[in-house]
Amino acid sequence: MRSENGGSNVRSAAFAVFLAALLLIACGPDQVQYDLVLRGGRVMDPESGRDAVMDVGIIGTGIRSISEEPLSGAEVVDVSGLVVAPGFVDLHAHGQDPFSRDLQVRDGVTAAFELEGGAYPVDEWYAERDGSWRIHFGATAAYGAARVLAFGEDERAATYEAASAEQVGAMQETLRDGLADGALGIGLPLQYQPGASRSEIFRMFQTAAEAGVTVFSHIRYAGVVEPESSIAAVQEMIADAAGSGASVHIVHIGSSGLAQMPTVIEMIDRAAAGGVDVTTEVYPYAAASTDIRAAIFDPGWRERLAADYGDIEWVATGERLGEAGFNERRALPASEEATIIAHIIPERELGDAIAHPAVMIASDGVGYVDGRAHPRGAGTFARVLGRYSRDEGRLSLMEALRKMTLAPARRLEDVAPAMRRKGRLSVGADADITVFDPETVIDRATFAEPALPSAGIPHVLVDGVFVVRDGELVADALPGRGIRSGVVAPD
């Protein structure tokens, strides 16, 4: 449990912020010397709806003034003609390595979370990044790892076999330990564990409900064939959330919903309107990516996914596979890299999902190997801003920003109070800021050249520190902090 001293420190910090605000009011914005002023940009804040040319004054790690009048600063950076927005919050980023992270930050991301797969052990995962990370980070407790441990580290059994009551209890204890270490929820990549029964998964939801955290779920099926359809899989998540009282976030609804996206999004939307705490996200590419050896590609996959061998691209070479090449690579040992891209997501349904008010934007970016991966890890946010908002007019700029800043911050803030100061551009918010050119912002990463950084994003700040300046990484800037749960798991 938290110490009394910890609570006192929080109150002291809050009082210090209150005094600073009083000082600003007393002196007036033109009399305060800010550490940094962003001068004359188009300030856009999805929470308040503010959209105006203003100065932004930063002291330390926070935004202390937003003013129509010029502010005075130790450093003043002219951002006229550019949008000044909250830093982008990515709820779904597997690329938790320096190379992948640096592509994310050049795409405007100031916080990237591993929530679908999660981490184990949670405390060690945070410790590896503390003090050495460019952007904010966080993770859930990993159900997949908990299941492998419960099966004595027999990964094939953990994938395909049903668990005993004792094994389910062991999984719950492992997850509770991770939650006690500050994990942000439970990461449930269910389609990768087809042996898990529905009763087992309901117990995982109950564990989340007891702790007051969210289940971040890759649903049981992605497909168009009953009974193993995307619709049935989304129904399971909604029912488990409603029955347990837990909240659930369904990841990458594009690759999970496929042609059934319109129906499953409507289901999610109506369930939320009826009081179930359920949300979802999408990445803006008509192709998925995973390991070719995953259970997703067990026999019958072509019928389930309405796909064929030629839809599968071998990431290392860009080669489209035939049946022989597919089977050969699927038989590779676990020690070898075997990532593929599956060109299976329908474009029309994808565009509708991106524009839908209930759907957030998240990258599902995977780690790069020798500079190769799905381009979503480098270009997701600039692609939405440039292609889907500006060029195609599928959604307004403010709406696009809401989906990648305020909405994901709100998904986490009840569990992680630090997120209440992120996803906004307002006085009192953290100075996590992305500055971009609305006329030129665009993704450059492609399936052929997936490691090209996005264009039109000259500045990114994390806690008031430039991590990208004039379009280039600031090499020694490592202000990122671990975002942990403020919820204590029950005994």
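## Asp-364 and its contacts

Setting aside neighbours within four places in sequence, Asp-364 makes contact with His-92, His-94, Glu-116, His-252, Tyr-283 and Arg-376. The structure described here is a predicted model. Asp-364 sits in the loop between β19 (359-361) and α14. Its relative accessibility is 5%, so Asp-364 counts as buried, the limit for that class being under 20%.

One of the contacts of Asp-364 is His-252, found in the loop between β13 and α9. His-252 is likewise classed as buried, since its relative accessible area is 3%. The phi of His-252 is positive, near 25 degrees, in a residue other than glycine. Most residues other than glycine have a negative phi, and most peptide bonds are trans.

## The cavity

How many cavities of 30 Å³ or more does the structure hold? There is one. The volume of the largest cavity is about 30 Å³. Its lining is formed by Asp-90, Gln-104, Asp-107, Val-109, Ser-363, Arg-376, Gly-377, Thr-380 and Phe-381.

## Helix α8

Helix α8 covers residues 230-244. At 1.5 Å a residue, its 15 residues should span 21 Å, and the end C-alpha atoms are 21 Å apart, which agrees. Is α8 enclosed or open to the outside? Because 11 of its 15 residues are buried, α8 is largely enclosed by the rest of the structure.

The buried residues are Ser-230, Ile-231, Ala-232, Ala-233, Val-234, Glu-236, Met-237, Ile-238, Asp-240, Ala-241 and Ser-244. The elements that cover them include α7 (198-211), β12 (214-218), β13 (247-250), α9 (253-257) and α10 (261-273). Just after the helix, Gly-245 takes a positive phi of about 85 degrees. The peptide bond from Glu-226 to Pro-227 is cis, with omega near 5 degrees.

## Phe-202 in helix α7

Phe-202 lies in helix α7, one of the elements that cover the buried residues of α8. Leaving aside neighbours within four places in sequence, Phe-202 is in contact with Asp-240, Gly-243 and Ser-244. Asp-240 and Ser-244 are among the buried residues of α8.

Phe-202 itself has a relative accessible area of 23% and is therefore partly exposed, a class that runs between 20% and 50%. Between Phe-202 and Glu-75 there are 54 Å in space, C-alpha to C-alpha, and the two are 127 residues apart in sequence.

## Helix α4

In helix α4 (residues 143-150), the buried residues are Tyr-143, Gly-144, Ala-146, Arg-147 and Ala-150. Viewed down the axis of α4, they fall within an arc of 160 degrees, so they line one face of the helix. An α-helix has 3.6 residues a turn, so residues three or four places apart point the same way.

The packing partners of these buried residues are β10 (136-142), α5 (155-160), α6 (165-180), β11 (185-189) and α7. Gly-152, which follows α4, has a positive phi near 65 degrees.

## Further loop residues

A cis peptide bond also joins Tyr-120 and Pro-121, where omega is about -15 degrees. Pro-121 is found in the loop between β9 (109-119) and α3 (122-129).

Asp-470 belongs to the loop between β22 (465-469) and β23 (472-473). Although not a glycine, Asp-470 has a positive phi of about 55 degrees. With 58% relative accessibility, Asp-470 counts as exposed. Pro-357 also counts as exposed, at 54% relative accessibility, and lies in the loop between α13 (347-355) and β19. Not counting residues up to four places away in sequence, Pro-357 touches Glu-399, Arg-402 and Lys-403. The C-alpha atoms of Pro-357 and Ile-312 are separated by 31 Å, and the two residues are 45 apart along the chain.

Notes
Residues numbered from 1 in each chain as written. Predicted model: local features only at pLDDT ≥ 70, side-chain atom pairs only at ≥ 80, totals over all residues. Heavy atoms only, no water. 1 Å grid on protein atoms, 1.4 Å probe; cavity = no way out; pocket = protein on both sides within 12 Å on 5 of 7 lines; lining within 4 Å. Points joined across faces, edges and corners; volume = space filled by probe spheres on them. Helix = DSSP H or I, 4+ residues; strand = E, 2+ residues; numbered from the N terminus. Expected span 1.5 Å × (residues − 1). Buried < 20%, exposed > 50% of the residue type's maximum accessible area, 1.4 Å probe, protein only. Contact = heavy atoms within 4.5 Å. Arc of directions from axis to C-beta.
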